[in-house]
Amino acid sequence: MKIIIDADACPTKEETITVAKQYDLEVMLVASIAHFSTKKVPNHVSQLWVERGSDQADFKIVGIAKPNDIIITQDYGLASMLLPKGCHVLHHDGYAYTDAIIQKLIDGRHLSAKERRSSKRSRRVKALHPFADSIQMDYKALLVSVIEDIESKQEGNDK
């Protein structure tokens with residue numbers, strides 16, 4: 001298990017890196033070369049730079065992610081590609097993505113687009129909050145909970 005961060009716009013990188021160190025987990029930051037930095041990162045953190053361009057980081061993450069990896073992203077398109085791989089996908093606001101949440105996000109996007117097309121003036125449709133039925137947690141508490149859940153299942157499989 002490793003933690004992969006869609007790092008271009010993730011506000012919880014430092015917090016994730018700190019938690020990962022406590023659990024002796026590798027962290028991989030995947031970001032566009034447009035966000036290149038010479039900032040030093042801890043030994044348990046690697047950086048992977050991808051070419052500029054729409055979705056380049058997403059495609060790289062999908063290519064390297066394995067079952068039980070934890071991916072941090074706010075991109076539900078990316079989340080929808082990772083869930084079938086057996087990954088645990090978290091939003092930095094303290095939600096775990098599920099198929100139901102992703103469907104609500106897609107439905108809301110569709111309704112907004114439909115309303116914009118039928119209206120003479122552009123406006124945003126108020127859609128049901130996609131995470132309304134989900135349990136929101138403090139991000140750090142959610143990350144710790146997912147790590148510990150994965151570890152306890154792996155220990156159970158080792159017996």
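Guide: Buried means under 20% relative accessible area, exposed means over 50%, and partly exposed lies in between, using a 1.4 Å probe and protein chains only. This is a predicted model, where local features need pLDDT of at least 70, side-chain atom pairs count only at pLDDT 80 or more, and totals for chains, interfaces and linings use all residues. Residues are numbered from 1 along each chain as its sequence is written, and side-chain values use heavy atoms, leaving out hydrogens and water.

Visitor: How many helices and strands does the protein chain have?

Guide: Helices (H or I, at least four residues) and strands (E, at least two) are DSSP runs, numbered from the N terminus. Here there are 5 helices and 6 strands. From the N terminus, their order is β-α-β-β-α-β-α-β-β-α-α. The protein chain has 159 residues, and 38% of them count as buried.

Visitor: Which way do the residues of β1 point?

Guide: In a regular strand, side chains alternate between the two faces of the sheet. In β1, Lys-2, Ile-4 and Asp-6 point one way. Ile-3 and Ile-5 point the other way. All of these are buried. That is 5 of the 5 residues of β1, so the strand is largely enclosed by the rest of the structure.

Visitor: In what order do the strands of the sheet stand?

Guide: Two strands pair if DSSP finds at least two bridges between them. The 6 strands form an open sheet, β3-β2-β1-β4-β5-β6, with mixed pairing. β3 (45-50) and β6 (95-96) are the edges. Each has a single partner strand, so one side of each is left without a neighbour in the sheet.

Visitor: Which strands does helix α2 touch?

Guide: Contact means heavy atoms within 4.5 Å. Helix α2 (residues 56-64) packs on the sheet and touches β1, β2, β3 and β4. Axes are lines fitted to C-alpha atoms, for helices over the stretch in contact, and angles run from 0 to 180 degrees between N-to-C directions. The direction of α2 makes about 165° with that of β1.

Visitor: Which residues have the most contacts inside the largest nonpolar core?

Guide: A nonpolar core is a set of buried Ala, Val, Leu, Ile, Met, Phe, Trp, Tyr and Cys residues joined through side-chain atoms within 4.5 Å. The largest one has 22 residues. Those with the most contacts inside it are Ile-3, Ile-5, Val-27, Ile-70, Ile-72 and Leu-143. The elements giving two or more residues are β1 (2-6), α1 (13-22), β2 (26-32), β4 (70-72) and α5 (139-158). α5 gives the most, with 7 residues. A second, separate core of 20 residues includes Ile-61, Val-62, Ala-65 and Ala-79.

Visitor: Which residues of α5 are buried?

Guide: An α-helix has 3.6 residues a turn, so residues three or four places apart point the same way. In α5, the buried ones are Tyr-139, Leu-142, Leu-143, Val-144, Val-146, Ile-147 and Ile-150. Their cover includes β1, α1, β4, β5 and β6.
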